[in-house]
Amino acid sequence: MELVYTPTRADVADAVGVQMQHGWFRWVLRAMRIVAVLAALVLLLELFGPGGPKPAGAARMAGFVLLLVVLGPLARWLTTRQMYALVGRQGEFRARVDEDSVRWTTRDSEIVQRWRLLNRYAETPTQFVLLSADKGRVGVGALPKRGFADPADVDRLREVLDRNLTRL
């Protein structure tokens, strides 16, 4: 079956979100949240702890907490921006899916990924996001549902993916 589509920034943001949810980045985000909570506790100690308020230490901790809170969404935004800069300039994509692999063809490139390399997938409301088999799930591919000429192909693609990949 074949899909024809032009990737949008929303497609890329959706794929990056799935990648960050199921890849190594989720552990980084969890660690950042834990450190932010600990830094907030230190901030409270700096403000209300024994010996009275310590403005310099409190300001430092407040800045650190703010940095940690902003870094997660900023990393997602920057990753989406970088990926879209690469994907967006390639124009129209054609993706051919069969029992062995998926093949993406653009004006500038052709990529074939066998199912051994893409062993998991997640379905979002607008697309199927394929993740690489490596432990960090750094490889990602997307198949937007709007790319099918026949809406029944969405169900057929889901069946092919279920036979060859693990659904997340």
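Which residues lie nearest the centre of the largest pocket?

1. The pocket in question is lined by 23 residues, and those nearest its centre are Val87, Phe93, Val140, Gly141 and Ala142. A pocket here is an open set of points on a 1 Å grid over the protein atoms alone, where a 1.4 Å probe fits, with protein on both sides within 12 Å along at least five of seven lines, and lining residues have an atom within 4 Å of a point.

2. Please keep in mind that this is a predicted model, in which local features need pLDDT of at least 70 and side-chain atom pairs count only at pLDDT 80 or more, while totals for chains, interfaces and linings use all residues. Residues are numbered from 1 along each chain as its sequence is written, and side-chain values use heavy atoms, with hydrogens and water left out.

3. The largest pocket has a volume of about 500 Å³. Its lining takes at least two residues from each of helix 1 (9-22), helix 3, strand 4 (110-114) and strand 7 (140-144), and strand 7 gives the most, with four residues. Helices (H or I, at least four residues) and strands (E, at least two) are DSSP runs, numbered from the N terminus.

4. The second largest pocket holds about 190 Å³ of space, and the residues that line this pocket include Gly17, Phe25, Arg30 and Arg76. Helix 2 gives the most to this lining, with five residues.

5. Helix 2 (residues 25-48) and helix 3 (residues 55-88) pack at an angle of about 160 degrees, with their axes 9 Å apart. Axes are lines fitted to C-alpha atoms, for helices over the stretch in contact, and angles run from 0 to 180 degrees between N-to-C directions. The two helices, helix 2 and helix 3, are therefore roughly antiparallel to each other; angles under 35 degrees count as roughly parallel, over 145 as roughly antiparallel, 65 to 115 as roughly perpendicular and the rest as oblique. Among the residues that meet are Leu29, Met32 and Leu43 in helix 2, and Met61, Phe64 and Leu68 in helix 3, where contact means heavy atoms within 4.5 Å.

6. Helix 1 and helix 3 pack at an angle of about 130 degrees, with their axes 9 Å apart, and helix 1 and helix 3 are therefore oblique to each other. Their contact is made by residues including Val12, Val16 and Met20 of helix 1 and Ala75, Thr79 and Tyr84 of helix 3.

Terms used:
Grid points are joined across faces, edges and corners, and a volume is the space filled by probe spheres set on the points.
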